[in-house]
Amino acid sequence: MKIWPIFKKEMRLYATSPIAYVVFFIFLVVMGWFFSQILNYFAMASMRSAMNPSMGRDLNVTESVMRPLFGNISVILVLALMPFLTMRLLAEERQTGTIELLLTYPVRDWEVLLGKYLAVFGLYTVLIALTLLYPLMLAYFARLEWGTVLSGYLGLLLMGSSFLAVGLFASSLTVSQIVAAAWTFGILLLLWVIGWGADTLGGTWGKVLQHLSTMEHNDNFAKGVLDTKDVLYYVNLTLLALFLAYRSVEARRWKG
Amino acid sequence: MIEVERLTKHYGPVTAIKDVSFSVAPGQIVGFLGPNGAGKSTTMRILSCFMPASSGSARVAGHDVFRESLEVRRRIGYLPENVPLYTEMRVGPYLEFVAEVKGVSRSDRRRRVADVMDRCRVDDVQNRLIGTLSKGYRQRVGLAQAIVSDPEVLILDEPTIGLDPRQITEIRSLIKSLAGQHTVILSTHILPEVSMVCSGVIIINKGAVVAQGPIDSLVDQFFPTARVEVEIVGPPPAVRDRIRGISGVLSVEDQMVANGAARYVVEAARGRDVRAEIFKLAAQQQWDLLELRRVGMTLEEVFIRIVAGEEGGEAGAAAAEAGA
């Protein structure tokens with residue numbers, strides 16, 4: 001098994017190139033901003049309901065702070081920033097020609113892909129783990145429903161795993177990192193909003209579109225609803241994208 | 001160690017190589033020669049398992065490059081033409097990565113890496129980013145990654161391109177030192193390099209092998225004559241006729257005349273040394289003999305003759321086709 005050396009190499013490259021630092025920096029700054037705004041809003045609502053206790057019945061810190069926070073992480077940050085982490089995985093190797101050496105080392109194509117995928121997934125996990133600071137802070141001031149929070153994080157990890165796999169696939173299609181990022185963002189955005197057509201279409205096809213939509217599946221986790229169909233959706237998307245990436249690398253070998 | 005049979009590769013409608021066959025014996029260093037675009041890199045990419053051939057087969061270190069690709073890849077070291085390295089990695093960690101991927105055991109890894117860094121003389125830059133290294137150092141790092149797992153077969157695509165003369169000499173002696181334990185196939189279009197480093201040569205032109213074998217036998221094969229150059233002061237027509245009269249002489253050509261002296265190129269049958277007879281002839285005729293020497297054929301002449309001959313042949317064929 002040669003996954004480990006590939007994984008280490010990718011991590012080393014992420015550590016020496018600026019892109020990962022830039023993504024982390026932007027992510028954390030924007031996250032901080034979101035969190036403080038959402039929290040402010042919640043604090044104001046709490047204050048108002050202190051004057052009028054009947055309003056306070058529906059106040060729930062998990063529901064009002066963590067759920068929108070998960071929503072923001074997934075849409076704006078994961079969707080917009082992950083393409084920048086995955087774009088280099090294969091496109092850069094192809095651009096610089098290093099793929100020619102990598103693919104002539106005694107390592108199977110799927111080991112290369114898995115090593116790269118796990119590296120970027122590891123990076124993503126670290127990034128998401130840094131946001132644990134927010135629920136921990138909340139827990140200090142309020143009673144948090146940890147089950148729901150954990151389910152939200154599980155959702156983020158599953159969603160991230162599928163997005164990163166799509167990114168890896170897009171990176172296998174081209175020698176240009178920019179093109180890879182554009183493809184990734186385009187595919188993910190379409191998958192995100194594809195459910196919007198469900199109502200007008202209706203019927204079976206409407207249901208299909210709704211099931212294809214990542215947005216549809218993501219919110220359930222944030223609400224604390226664990227459903228096998230949501231889990232399977234992300235797992236299937238991940239496996240499909242990884243499989244396509246594998247075939248794409250194989251096809252490129254034949255083209256030379 | 002390397003057996004290639006009727007290897008063909010198409011890129012879409014373009015045929016890069018066609019029916020290429022050759023073999024390399026264990027422990028040999030063989031030069032793979034050809035003009036640019038002849039198919040050298042394509043052949044090497046197939047041998048290194050980077051891409052499959054369209055048809056034909058190749059066995060490297062006893063395994064088929066297509067069916068047992070992993071087995072082949074465990075036994076080769078490959079240096080592609082443009083030396084693609086991870087510019088954002090440092091030399092030491094990079095070589096350790098390569099050693100690990102190539103399956104050098106954990107206990108040997110540090111020693112192997114130190115050893116190749118020493119052999120390729122990159123130990124003084126082991127903490128530098130590869131991207132900041134000069135071309136010569138990069139080339140040596142590339143060679144180091146090829147030999148770090150001590151492979152049976154080395155496939156080197158233009159290993160000395162872009163280096164300064166001193167670096168070229170260093171790399172050559174390094175490659176030469178690999179003979180015996182390693183089988184090396186190296187491509188180049190620098191002809192003297194082949195005579196200096198290699199024991200055998202394979203010449204490829206327009207995607208097909210046009211000649212192969214030990215360098216001496218190739219020279220014999222393409223120049224089946226012994227050549228002597230003479231400079232004589234004497235009347236050129238008479239000199240020419242008398243020399244032609246010597247038995248075994250096939251042709252005499254006078255090249256240039258200055259101050260009454262003329263230079264003649266004498267071609268005699270192979271194995272026939274006509275120098276003594278020319279000397280006696282000059283003495284007898286009282287011509288002044290200024291110079292008399294045997295001229296060796298170089299690989300360069302063989303190469304040019306083969307490649308030019310090919311081209312002439314093709315042009316002729318094309319003309320014939322156009323005529324029909």
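Visitor: Which residue of S13(B) is the bridge partner of Glu253(B)?

Guide: The partner is Val265(B). Helices (H or I, at least four residues) and strands (E, at least two) are DSSP runs, numbered from the N terminus. Two strands pair if DSSP finds at least two bridges between them. Here S12(B) and strand S13 (residues 261–269) of chain B pair in the antiparallel sense over 8 bridges.

Visitor: What should I know about the model and its numbering before going on?

Guide: The model is predicted, with local features needing pLDDT of at least 70 and side-chain atom pairs counting only at pLDDT 80 or more, while totals for chains, interfaces and linings use all residues. Residues are numbered from 1 along each chain as its sequence is written, and chains are lettered from A and ligands numbered from 1 in the order in which they are written.

Visitor: Into which domains is chain B divided?

Guide: Domain bounds come from an automatic or database domain assignment. For chain B this gives domain 1 (2–220) and domain 2 (224–295). Their C-alpha centres lie 46 Å apart.

Visitor: In what order do the strands of the 6-strand sheet run?

Guide: The order in this open sheet of chain B is S6-S7-S8-S3-S9-S10, with mixed pairing. Its edge strands, strand S6 (76–79) and S10 of chain B, each pair on one side only. Axes are lines fitted to C-alpha atoms, for helices over the stretch in contact, and angles run from 0 to 180 degrees between N-to-C directions. With direction ignored, neighbouring strands of this sheet are turned by 15 degrees against each other on average.

Visitor: How many bridges join S3(B) to S9(B), and how many join S9(B) to S10(B)?

Guide: Strand S3 (residues 29–33) of chain B pairs with S9(B) in the parallel sense over 4 bridges; Leu33(B) stands opposite Ile203(B) in S9(B). Strand S9 (residues 200–205) and strand S10 (residues 208–214), both of chain B, pair in the antiparallel sense over 6 bridges. One bridge joins Asn205(B) to Ala208(B) in S10(B). S9(B) and S10(B) form a hairpin with 2 residues between them. In the turn, Lys206(B) has a positive phi of about 50 degrees.

Visitor: Which strands of chain B does helix H1 (residues 40–47) of chain B lie across?

Guide: Two residues are in contact if their C-beta atoms, placed from the backbone, lie within 7 Å. Helix H1(B) lies across S3, strand S7 (153–157), strand S8 (183–188) and S9 of chain B, and runs at about 150 degrees to S7(B). Helix H5 (residues 135–147) of chain B also packs on the sheet, touching S6 and S7 of chain B, with its direction at about 165 degrees to that of S6(B).

Visitor: How many residues does each chain bring to the contact?

Guide: Chain A brings 21 residues and chain B brings 24 residues. On the side of chain A that touches chain B, helix H1 (3–16), helix H5 (98–102) and helix H13 (228–255) of chain A each supply at least two residues. H1(A) gives the most to that side, with 5 residues.
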